[in-house]
Amino acid sequence: MSGNDFFALTPLILLAGSSVLIMLLIAIKLSHRVIQLSSLLLFIVAFSSLIYIQKLLPYHIEPLLVIDGFSVFIMGLIIFSSLVVNILSYIYFEEKEESPKEYYVLLFLCTLGACVLAVSKHFVSLFLGLEILTVGLYALIAYLRVRHHNIEAGIKYLVLAAFSSAFLLFGMALIYLETGSMQFSMIAHSLTSLQSLSPLFLTGLGMMLVGVGFKLAVVPFHMWTADVYEGAPAPVTAFIATASKGGVFAVLFRFFIMIDGFRFKVVMLILICIAIASMIIGNLLAVQQKNVKRILAYSSIAHLGYLLVAFIPGSMMSIKALSFYLMAYFITTLTAFGIVTVLSNKETDAENIESYKALFWERPVLACIFSSALLSLAGIPLTVGFVGKFYILAAGLQSGFWITALILVISSVIGLYYYLRIITTMFAGQKSILPEEERANPVFYMVSIIALSVLSLLIIWFGVYPSGVMGSMEYFKLK
Amino acid sequence: MILIYVIGILMGGGLLSLLLGQWNKNLPRWIALCTVLVGFIAFVFFWINQYHTINLRLTNTWMIDYRHDWIPSFGISFHLAIDGLSLLLLVLTFFLGILAVLCSWNDVKERVGFYYFNLLWILAGISGVFMAVDLFLFYFFWEVMLIPMYFLIGIWGSENRVYAAYKFFIFTQASGLLMLLAIIGLYFIHGRNTGVYTFNYFELLGTAIPPHIAFWLMLGFMIAFVVKLPIVPFHTWLPDAHSEAPTAGSLILAGLLLKTGAYGILRFVLPLFPEAAHDLAPWAMLFGVIGIIYGAILSYSQTDLKRLIAYTSVSHMGFVILGIFAFNELALQGVVMQLVTHAISTGALFIMAGMLKERLHTRNINHMGGLWTQMPQMGAIGMLFAMASLGLPGLGNFIAEFLILLGAFKANVLLTIMATIGLVFSAIYSLRIVQKVFLGPSERSDYISDFSFREIVVMAALTLSIVWLGLYPQPVINTVKLMVNKLAHIFPPENKNVQQENYQEIPLSTHKYLVKK
Amino acid sequence: MKSSIEIVMLLAGLLFVLGIAGVIIRKNIIFMLLSVEVMLNASGLAFVAAGSRWAQPDGQVMFIFILAMAAAEVSIGLALILQIYHQHKSLDIDKLKEMKG
Amino acid sequence: MNNLLWLIPVLPFAGFLILALAGKHLSRVWVALIGAGSVSLSAIIVPIIGIGFLSHPPATGNYSQTLWTWMQVGDFNPKITLFLDALSLVFVFVITFIGALIHIYSAGFMASDKDYSRFFACMNLFVFSMLLLVLADNLLLLYLGWEGVGLCSYLLIGFWYENPVNGYAARKAFIITRIGDTAMAIGLFVIFYQFGTLAIPDILTKAPVLWHQGASIATITALLLLAGGVGKSAQLPLQTWLPDAMAGPSPVSALIHAATMVTAGVYLISRMHIIFQLSPIAQMIVAVIGAATLFIAGFSALTQYDIKRVLAYSTISQIGYMFLALGVGAWAAAIFHFMIHAFFKALLFLAAGAVIEALHHEHNIFKMGGLKNKLPVIFWTFLIGSASLAALPLISAGFYSKDQILWYAWAAEGGNPLLWFIGLLGAFITAVYTTRMMILVFWGEAKTEIGHRPGKLMTVPLIVLAFFSLFAGFIELPHNFGHFRLFSDLLQQVLPETILKAGMNTELQFQILALLSTLGGIYLAYVFYYKQPQRIEKLKQSRFVMNLYLFWFSGWGFDKLYNTLIVKPIVFMANVNKNDVVDKLYQGVTFITIRLYQSLSFTQSGSLRWYIMGLVIGAIIILSMQIML
């Protein structure tokens with residue numbers, strides 16, 4: 001490994017090192033606040049290192065990793081969302097019974113795993129990244145270990161994730177058996193020499209899809225989503241919804257681009273079916289759901305379906321649309337779960353829709369932020385979600401995928417209903433006379449709110465003026 | 001620049017009243033009033049200034065054309081332009097905007113700042129719709145007006161407001177998204193044909209589209225517009241939304257929101273897909289006629305006053321679709337007139353329904369009756385607008401309906417006759433309103449006040465407008481003349497035997513609807 | 001040689017299916033974890049077989065990674081199972097149905 | 001004089017505006033002054049213009065004054081133009097003159113009403129609309145007046161709005177006439193596309209050029225216009241609204257439902273006479289409708305007990321005569337009868353109003369009686385009016401006008417003996433019911449005490465009208481009886497001369513027959529109602545006669561027919577569909593969505609093993625798709 005290799009890997013090394021550093025800080029018994037702040041600092045450092053390494057791009061570390069514009073972009077999104085999760089975590093965990101400190105170590109590790117996914121171009125690195133992410137998540141989900149829901153979510157996720165990992169691995173093994181390589185580019189190379197695809201390869205691809213589909217929580221591998229989202233602590237849910245899915249999606253996309261999987265009609269047909277099913281079933285499941293975390297879980301299923309709509313054409317436009325939509329989805333989802341986090345109290349998360357009643361009249365700022373996030377999820381103009389959805393539709397229609405686009409439209413109408421339901425709840429009722437409860441830590445509470453406000457401003461800013469961010473995204477395109 | 005300023009003023013005024021509403025409950029309504037007044041005066045002055053040149057314009061129907069890049073990578077620009085039709089509808093928007101502010105003056109007591117914020121943003125969205133000549137921007141504004149309207153119905157509406165708000169939002173959003181699909185489809189077809197990827201309306205005009213695709217794309221546009229308009233069987237959101245919305249909400253819904261549908265058809269469907277629209281015409285006219293009669297019959301059976309008026313809108317909007325798809329100058333002029341006069345007459349009826357609700361705390365007409373004794377002024381005005389609604393000559397609606405029917409007669413005799421029969425039904429329901437509300441024995445002994453000064457101002461403005469339009473509609477006709485003429489000429493004349501005009505026909509393939517900037 | 005790989009792959013597939021069956025049939029969480037381990041190991045076996053087909057060490061490397069990962073997983077899994085037993089006094093997975101809908 | 005034309009309609013309109021805007025602030029005197037004064041001023045201006053028109057006939061044969069262009073859309077450019085020729089002059093004269101008298105009468109009649117100013121406002125608006133109707137230069141403006149009078153009729157029938165019955169009658173009137181108006185509107189469309197214009201003079205000059213005699217398009221157009229006229233003039237089959245319209249105050253019945261508005265159909269047909277002439281079939285239909293109506297309405301009038309309903313049916317019947325005349329081509333005769341009828345019927349209604357008011361709002365003629373001596377002015381004027389209605393020979397104006405029609409019904413080109421016979425029978429019945437009414441109201445013993453006696457404001461108009469009812473007939477005398485043709489000479493400028501069939505010159509025997517039928521009718525009524533009233537009782541015992549009586553009384557069952565055939569089904573449908581069946585569709589979609597949610601939500605059972613099953617099934621599906629496809 002050359003010096004440049006290390007240089008290119010700075011963000012990953014920083015993340016890995018940070019986890020060790022935080023562990024050391026915990027060892028010398030620093031307070032939660034110090035640890036939180038230092039991890040925040042370390043996230044910022046990791047994030048800025050992304051800017052720093054850009055002059056190297058694209059950089060290949062054979063045979064495992066590739067650091068190009070796309071992976072930097074995805075890593076940026078992942079680290080950014082971890083950063084936001086980190087900010088939100090303080091007030092959430094400060095008042096909980098568990099010692100919150102190790103949480104940050106795990107957060108770094110999970111971020112590292114997601115980032116590794118984003119840069120991998122090899123089954124081994126894919127597997128490693130995925131498992132670093134997943135194993136970390138097991139612990140994060142069940143972090144509040146004395147709570148029934150956390151434990152239940154943890155064990156469900158663990159069994160299912162391991163189960164799907166087995167599928168993924170078996171699929172990889174089959175592909176490896178067929179092509180003799182675990183490197184994406186080599187697989188692609190050996191595929192070009194093949195006349196027709198062997199059933200073994202197809203089976204392998206299918207099993208990989210099962211594994212990846214589980215991580216992405218698309219139909220029919222979606223059933224864990226709601227339970228895990230509900231059971232996990234709110235900031236962790238935010239992380240699952242964003243960083244973990246982003247990393248997996250990035251690697252899936254890279255894999256398909258590199259082996260040019262879009263040629264395989266059958267695979268595409270399966271993906272189309274998955275996309276359609278995800279959009280419809282995801283949205284339908286949320287229609288009368290009362291639990292906000294579950295609603296967001298189901299909506300994330302639908303949104304992954306939307307992403308697949310842009311994914312399926314595999315065109316240049318797809319890449320842009322996916323990047324943009326991922327960004328939109330990250331910002332919006334973080335904001336939404338941020339609100340859930342901020343509104344949670346010591347005993348329970350703010351997951352019952354009733355607890356949002358009259359929010360607009362009691363805490364207008366939070367309600368506005370939440371509304372902007374929900375409207376963005378619903379894809380209403382003036383929000384980034386609309387531009388993202390437009391982008392996806394454009395990508396789909398450019399290549400003539402009318403069916404998926406149509407289903408997207410119809411299902412998002414169903415989606416509209418439950419987003420509106422939350423908004424309506426927030427506007428319903430009267431201001432209660434109860435005094436606002438005392439916050440354990442007003443400073444961090446304010447910081448969280450400011451962070452969320454910034455996010456919601458981003459939602460609107462990118463929604464009104466997307467060309468700026470679109471222009472800069474040109475830079476991060478996949479080669 | 002006036003265009004962008006106006007939208008800016010509306011949005012700014014909305015934000016201002018939202019913010020200042022926290023401190024002072026009176027301030028927002030004054031801010032809102034000033035905002036819409038400024039817009040109204042600006043456009044009226046502009047209209048007067050332009051009026052004498054409107055007739056001189058020969059080719060370029062566009063009076064203002066403002067363009068600024070927005071999302072260049074998609075060929076999306078912030079492109080606003082107005083021609084006579086837009087100008088007219090903008091004046092109408094601000095006129096009704098003033099009335100909407102005035103009639104919610106004392107009506108709204110809670111969350112005042114947020115109320116006027118929503119009101120002004122609806123107006124901003126509607127103005128944007130009337131100005132946008134970039135399809136993406138058009139869709140953008142199309143959706144922008146929905147959210148504040150949703151809040152307006154959902155927060156300040158009456159008992160069943162949440163249901164009505166959902167229904168309104170989901171209907172319009174669903175149909176709007178289909179239009180978005182069609183817009184994007186058109187964008188790519190044009191891009192493939194010419195290599196220029198743009199959402200610019202002027203460039204998209206005359207795109208050569210394979211007929212079967214054109215039909216589907218047109219349907220995508222149409223569905224959005226006919227849901228808004230609305231046409232039977234897409235109308236069921238309307239009675240709920242209208243009856244549950246607060247007075248100003250009903251006024252804007254009936255007066256402006258419905259008009260955006262008709263505007264969309266006139267502006268986009270006909271020029272972009274002339275052949276497809278031509279193929280659709282008999283069906284569209286049929287649905288128009290069904291709407292006229294179906295709406296009227298439903299209206300007759302309602303007992304909720306606002307619901308009743310809402311169904312009359314369905315009936316009246318049937319005339320609009322009938323006229324649009326008659327494709328001739330008379331009918332199209334009638335359509336424009338109908339847009340304006342229906343806004344005024346139905347708006348007035350809704351305002352009055354609001355006033356009655358305020359005084360009687362009911363919308364059920366079976367609990368009214370004999371109100372003339374206590375409220376002769378309101379009775380007289382109510383009578384006047386009921387008459388307008390049934391198309392009494394001398395009032396604006398008559399001109400509109402007569403022109404539409406006259407024009408449609410050329411296109412399709414049978415359907416026009418059926419539509420004319422709708423006039424009998426309109427008499428039946430209109431007189432029923434008057435009878436049930438104002439006439440008959442009075443059941444109330446408590447004191448009910450007649451118009452207040454503010455209400456007199458509102459109703460006087462409406463009355464004067466409807467009478468003016470009934471007796472001298474020429475300014476409206478002249479303003480949209482050029483636009484209507486060009487629209488009428490896109491279509492080959494249907495029936496050569498009856499054809500008396502000696503217009504120069506412009507061949508479809510070479511028609512250049514507009515002059516590019 | 002080819003046939004031996006096929007046989008090994010067949011074995012791996014069989015193990016994999018057995019694992020699946022175990023996960024589905026078993027109600028005890030520990031046994032479920034065990035079955036998952038079987039599936040993972042079946043994948044590992046498949047990797048070893050594939051590696052031997054191409055005479056590469058990659059398959060074996062992958063197997064070691066899988067082992068490590070499985071170990072980590074089991075450790076967390078057992079910790080969770082302890083907690084479950086602590087809370088529910090049972091290892092029956094069907095008792096963990098608090099979240100649904 | 002030409003430029004004063006606009007004043008005629010504008011004065012009443014100004015009166016309307018003042019009363020409508022400031023009515024509640026004005027004293028009753030001012031209200032009456034403005035209301036009656038504005039119309040009276042018009043009535044004064046009309047003769048001034050009329051004399052100018054007659055003494056210096058304009059070269060074009062008409063005065064025309066364009067106020068402004070109403071609208072201009074392509075070729076469609078109706079103008080707000082007033083147009084006065086001999087025909088409209090007659091109408092304008094009748095409207096303003098009788099209108100002014102009725103306004104003056106109303107000032108007394110309505111004196112105690114709380115909505116004094118509203119009444120005059122509506123009356124003024126009516127006069128304005130009616131003037132616009134007859135002065136309109138184009139059919140669209142005519143249509144404006146046409147609908148305007150309909151509105152005023154509606155407002156005034158339902159003037160006493162507290163009683164829902166009045167409101168019902170008002171709506172019935174409006175909606176039924178609206179049916180005719182709708183057909184007329186379609187007629188306007190046809191005319192516009194045929195001639196490219198709606199201006200009446202242009203249409204009349206172009207029609208004979210573009211259409212040949214008997215063209216089917218002419219028939220269609222004529223019939224559509226006729227439908228409008230039938231509605232407004234309460235002719236078969238749209239006659240049912242007029243008897244109910246009597247719910248309005250008596251001056252309203254006099255002005256709107258006797259003298260002016262209901263004759264708008266006559267005006268329209270004579271105005272568009274060229275189109276009717278081009279279609280003999282249509283003209284025949286006009287005559288048949290007229291004959292049938294006069295016949296049916298006459299029998300109904302015979303059975304009514306409400307004095308105003310008697311008069312209403314008689315109005316329908318008399319307008320039937322006018323239609324008959326129009327149908328047989330006796331244009332001038334129709335207009336002549338219109339004018340005479342306006343005088344005597346207005347008189348009768350006003351006098352009836354005075355009677356009703358004097359008898360504490362008693363409408364039933366069987367509860368009246370013996371008023372001959374108690375209300376002498378009313379008695380004499382009513383008698384003159386009745387004589388005119390019954391066409392009492394020689395001395396009454398009604399004789400001259402009706403006799404002319406009867407003669408033409410046989411002798412004119414479009415006439416035939418059957419029409420004549422029906423007309424004659426009608427004249428007979430007219431005499432019967434008129435005499436019956438006279439006898440029941442004024443002779444016999446008094447059954448109700450007299451309350452309020454009419455004042456000068458009410459009696460003077462009666463006397464003036466009585467004068468005209470007697471003597472107006474002398475401006476047009478039969479040719480075997482002086483052959484004085486002032487009226488038809490005047491109308492000759494506009495309307496074609498009545499063409500007689502060959503070899504018809506024995507008018508005298510027809511006159512004698514008419515005379516006999518009138519006298520016979522009077523005698524019959526005299527016998528049955530005065531001399532031997534017991535005969536009626538005897539007749540009533542017969543089941544057949546009783547049924548016939550009820551049948552006639554209900555206006556030949558038309559109301560019932562329309563109710564069961566049209567009104568009830570529509571109302572039933574509307575009420576059944578109150579909640580909008582289309583909405584069920586969307587409710588169905590919602591229902592399906594919710595059911596889908598419920599069943600999908602069921603799959604989220606929370607059971608890990610179930611989830612694993614799902615995962616496995618998903619995997620199987622994907623793998624089998626991979627392999628199969």
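**Entry 1: chains B and C**

I looked up chains B and C, and no contact joins them. Two residues count as in contact if their C-beta atoms, placed from the backbone, lie within 7 Å. The closest C-alpha atoms of chain B and chain C lie 23 Å apart. I note that this is a predicted model, where local features need pLDDT of at least 70, side-chain atom pairs count only at pLDDT 80 or more, and totals for chains, interfaces and linings use all residues. Residues are numbered from 1 along each chain as its sequence is written, and chains are lettered from A and ligands numbered from 1 in the order in which they are written.

**Entry 2: chains B and D**

Which chains have the most contacts among the 5 pairs that touch? They are chains B and D. I found 41 residues from chain D and 45 residues from chain B in this contact. On the side of chain D, the elements that give two or more residues are β1 (63-69), α5 (139-157), α6 (164-195), α25 (558-576) and α26 (581-603). Helices (H or I, at least four residues) and strands (E, at least two) are DSSP runs, numbered from the N terminus. The largest share comes from α6(D), with 13 residues. I sorted the side of chain D that touches chain B by class: 23 nonpolar, 10 polar and 8 charged residues. Ala, Val, Leu, Ile, Met, Phe, Trp, Tyr, Cys and Pro count as nonpolar, Asp, Glu, Lys and Arg as charged, and the others, Gly among them, as polar.

**Entry 3: α6(D) and α8(D)**

Next I followed α6(D) to helix α8 (residues 216-232) of chain D. Their axes (lines fitted to C-alpha atoms, for helices over the stretch in contact) lie 7 Å apart, at an angle of about 150°. Angles run from 0 to 180 degrees between N-to-C directions. The two helices are therefore roughly antiparallel (over 145 degrees). The crossing of α6(D) and α8(D) is left-handed: the near helix is turned anticlockwise from the far one by less than a right angle. Contact residues include Ile176(D) and Gly180(D) of α6(D), and Leu224(D) and Lys232(D) of α8(D). The residues of this contact divide into 13 nonpolar, 7 polar and 2 charged.

**Entry 4: domains of chain A**

I turned to chain A, which has domain 1 (1-161 + 233-257) and domain 2 (264-479). These bounds come from an automatic or database domain assignment. The C-alpha centres of the two domains lie 22 Å apart. Their contact takes 29 residues from domain 1 and 32 residues from domain 2. On the domain 1 side, α4(A) gives the largest share, 13 residues.

Key
Angles under 35 degrees count as roughly parallel, over 145 as roughly antiparallel, 65 to 115 as roughly perpendicular and the rest as oblique.
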